[in-house]
Amino acid sequence: MNEQISPDVFRHAMTCFASGVTAITTQEADMPSGLIATSVCSLSVDPATILVCVNKTASAHDVILRTQRFAVNLLSAEHVAVAKRFTSLRGPDRFDPTHWRTGQLDVPTLIDAAVVFECRLAKVHDGFTHSIIVGRIAEAVVNDEGATDCLLWHHRDFARSTQRAA
């Protein structure tokens, strides 16, 4: 009995999960690097930690491992252009300097992100095609004005969150 589903079935099923869109960013030798990720979640409050799943082939993957620091920037619905820039361009070209600043840990942070977590790498676990990166949060900034309408990835397209159901 084959207990493995096809990659196409898995990918299609995962499109049913609405996930917050984040820009995972880091920097090495003054060269910003980053990727868009939806596999991000909280791990622990004590110590404050977060999980980020990063494809091992992503250009920022090895930079995160070498520098041991990164930021998780939660995008708001107004950041579709930022997300598209990250998915269409490569390397430092992803970073429009008018939208980014250097954070406390010397990593790029999105100026008007809904939330920014600056993290030090705590652990890395093998996740087959991905690395499961545990970040210990050193700095957290919440933009209460920008946090009201998060950018989501749902059914292979961008969506926006709405008011609570009830």
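Contact, throughout these legends, means heavy atoms within 4.5 Å. The views show a predicted model, in which local features need pLDDT of at least 70 and side-chain atom pairs count only at pLDDT 80 or more, while totals for chains, interfaces and linings use all residues. Residues are numbered from 1 along each chain as its sequence is written, and side-chain values use heavy atoms, with hydrogens and water left out.

**View 1**
Not counting residues up to four places away in sequence, Phe86 touches Ala23, Thr25, Gly34, Leu35, Ile36, Arg94, Phe95 and Trp100. A nonpolar core is here a set of buried Ala, Val, Leu, Ile, Met, Phe, Trp, Tyr and Cys residues joined through side-chain atoms within 4.5 Å, where buried means under 20% relative accessible area, exposed over 50%, and partly exposed in between (1.4 Å probe, protein chains only). The largest such core has 15 residues, and those with the most contacts inside it are Leu75, Val82, Phe86, Trp100 and Leu110. Helix 3 (residues 80-88) gives the most to this core, contributing three residues.

**View 1. The whole protein, for orientation.**
The protein has three helices and 12 strands, with helices (H or I, at least four residues) and strands (E, at least two) taken as DSSP runs numbered from the N terminus. Its radius of gyration is 16 Å, close to the 15 Å that the globule rule gives for 166 residues, so the protein is as compact as a globular protein of that length; the radius is taken over C-alpha atoms, and the rule is 2.2 Å times the number of residues to the power 0.38. Along the principal axes, the C-alpha atoms fill a box of roughly 50 × 40 × 35 Å. Buried residues make up 37% of the 166 residues, and among contacts between residues at least 6 apart in sequence, 62% join residues at least 24 apart. The accessible surface comes to about 10000 Å², of which 54% belongs to carbon and sulfur atoms (Shrake-Rupley method with a 1.4 Å probe; for residues, only the protein chains shown count as cover).

**View 2. Thr26 in strand 2.**
Thr26 is found in strand 2 (residues 22-28) and, at 0% relative accessibility, counts as buried. Leaving out residues up to four places away in sequence, Thr26 touches Met31, Pro32, Ser33, Ala60, Val63, Ile64, Thr67, Arg69, Phe70, Val107 and Pro108. Thr26 and Thr102 are 76 residues apart in sequence, and their C-alpha atoms are 9.8 Å apart in space.

**View 3. Helix 2 and its cover.**
In helix 2 (residues 59-67), the buried residues are Ala60, His61, Val63, Ile64 and Thr67. What covers them includes strand 2, strand 3 (31-37), strand 5 (48-55), strand 6 (69-74), strand 9 (115-127) and strand 10 (130-142). The helix is followed by Gln68, whose phi is positive, near 65 degrees.

Thr15 is found in the loop between helix 1 (7-14) and strand 1 (19-20), where, at 9% relative accessibility, Thr15 counts as buried. Apart from its neighbours within four places in sequence, Thr15 is in contact with His154, His155 and Arg156. Ala81, by contrast, has its place in helix 3 and is exposed, with a relative accessible area of 59%. From C-alpha to C-alpha, Ala81 and Asp112 are 13 Å apart in space, and they are 31 residues apart in sequence.

The peptide bond from Asp46 to Pro47 is cis, with omega near 5 degrees, and Pro47 lies in the loop between strand 4 (40-45) and strand 5. In the loop between strand 2 and strand 3 lies Ala29, which has a positive phi of about 55 degrees although it is not a glycine; at 71% relative accessibility, Ala29 counts as exposed. Phe128 lies in the loop between strand 9 and strand 10, and its phi is near 65 degrees, a positive value in a residue other than glycine. Phe128 is exposed, with a relative accessible area of 74%.
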